[in-house]
Amino acid sequence: MSRATPSGFTFDYDRAFSRNIGWITKDEQQRLRKARVAIAGLGGVGGSHALTMARLGVANFNIADFDEFDVHNMNRQAAAFMSTMGRPKLDVVGEMVRDINPESDVRLFRQGINDANMDEFLKGVDVYIDSLDFFVLEVRRKVFRRCRELGIPAMTAAPLGMGTAFLYFSPTGMSFEDYFQVEGRDHEEQYARFIAGVSPAMLSRQYLVAPEAVNFKERRGPSTVMACELCAGVMGTNVLKLLLNRGPLRAAPWGMHFDAYRGTLKHTWRPWGNSHPLQRLLIALIKPVLKGR
């Protein structure tokens, strides 16, 4: 199908994504076209994930967010411009996805993710891309749990310093709960366990030059656009491999952390998840930081 734009150009799917061909085949491109991805959270990495998926040629999206753009988003968020300040992130990112591919089917979830809409959000989805805010751990747990129940692969890529830490949870492998083991822990312990599980290698800590910028009580911390874009690149590559069945993916308890600032790539393996001795030590080191010590 071809569609004319106001500028006089005509959109044609095959031509629009023809430069993908070579790294993928024409048949694989059509498989990506039919795939549906779910992205929860469009701040930080979420917008970058959506635009990366759109440029890859994925044409079906379930996206969720209830926030609006503010000036402090400008340093890293793909859809943050002065022209979008105060607008719902969901509307802006949805428009950008459709501007890349006018044929896209984009389903919007304006209340974010909750118990009432979670099944609808995950309906017909081939893969779930996690980009929820760091501090909404309980919602994140529920989404990953439901993905497992529905047999949906789930991936997360955390922006850390100037790098990314990636985890893939297969519906048949170690679960999110078994890996992070936060059930029954107090609030502070849960976040310490989440940090340790997301980033077992802790590569970015060494170049944090202003530690006072990290304040968990005020729910704020430093960020970079490089980390967000690296997240989107790593996520896009792994989603491609999954959707096209391009070989095995290392699922949790395997993880991957790449730090561009240090030029370091580490693959981590934590059998027993946060019960692993190295993880227990890391959690003990993280907890005082959460208390501001």
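What share of the contacts in the protein chain with a separation of 6 or more comes from residues 24 or more positions apart? Keep that in mind for a second, everyone. This is a predicted model, by the way. The answer is 66%: that's how much of those contacts residues 24 or more positions apart account for.

Okay, so what is the chain built from? We've got 10 helices and 10 strands in it. The radius of gyration comes out at 19 Å, close to the 19 Å that the globule rule gives for 293 residues, so the chain is as compact as a globular protein of that length. If you like boxes, the C-alpha atoms fill one of roughly 60 × 40 × 40 Å, taken along the principal axes.

Of the 293 residues, 50% count as buried. The chain exposes about 14,500 Å², and carbon and sulfur atoms supply 54% of that.

A quick word on charge. There are 38 positive and 31 negative charges in the protein chain, and their mean positions sit 5 Å apart.

Let's zoom in on one residue, Ser199. You'll find Ser199 in the loop between helix H8, which runs 187–198, and helix H9, which covers 225–243. Is Ser199 buried or exposed? Ser199 is buried, because its relative accessible area is 4%, and the cut-off for buried is under 20%. And who does Ser199 touch? Leaving aside its neighbours within four places in sequence, Ser199 is in contact with Leu160, His257 and Leu282.

So that's the tour: from the whole chain down to Ser199, a buried residue in a loop between two helices. Thanks, folks.

Notes: Residues are numbered from 1 along each chain as its sequence is written. This is a predicted model: local features need pLDDT of at least 70, side-chain atom pairs count only at pLDDT 80 or more; totals for chains, interfaces and linings use all residues. Side-chain values use heavy atoms; hydrogens and water are left out. Helices (H or I, at least four residues) and strands (E, at least two) are DSSP runs, numbered from the N terminus. The radius of gyration is taken over C-alpha atoms; the globule rule is 2.2 Å times the number of residues to the power 0.38. Buried means under 20% relative accessible area, exposed over 50%, partly exposed in between (1.4 Å probe, protein chains only). Contact means heavy atoms within 4.5 Å. Accessible areas come from the Shrake-Rupley method with a 1.4 Å probe; for residues, only the protein chains shown count as cover. Lys and Arg count as positive and Asp and Glu as negative; His and the chain ends are not counted. The place of a charge is taken as NZ of Lys, CZ of Arg, CG of Asp or CD of Glu.
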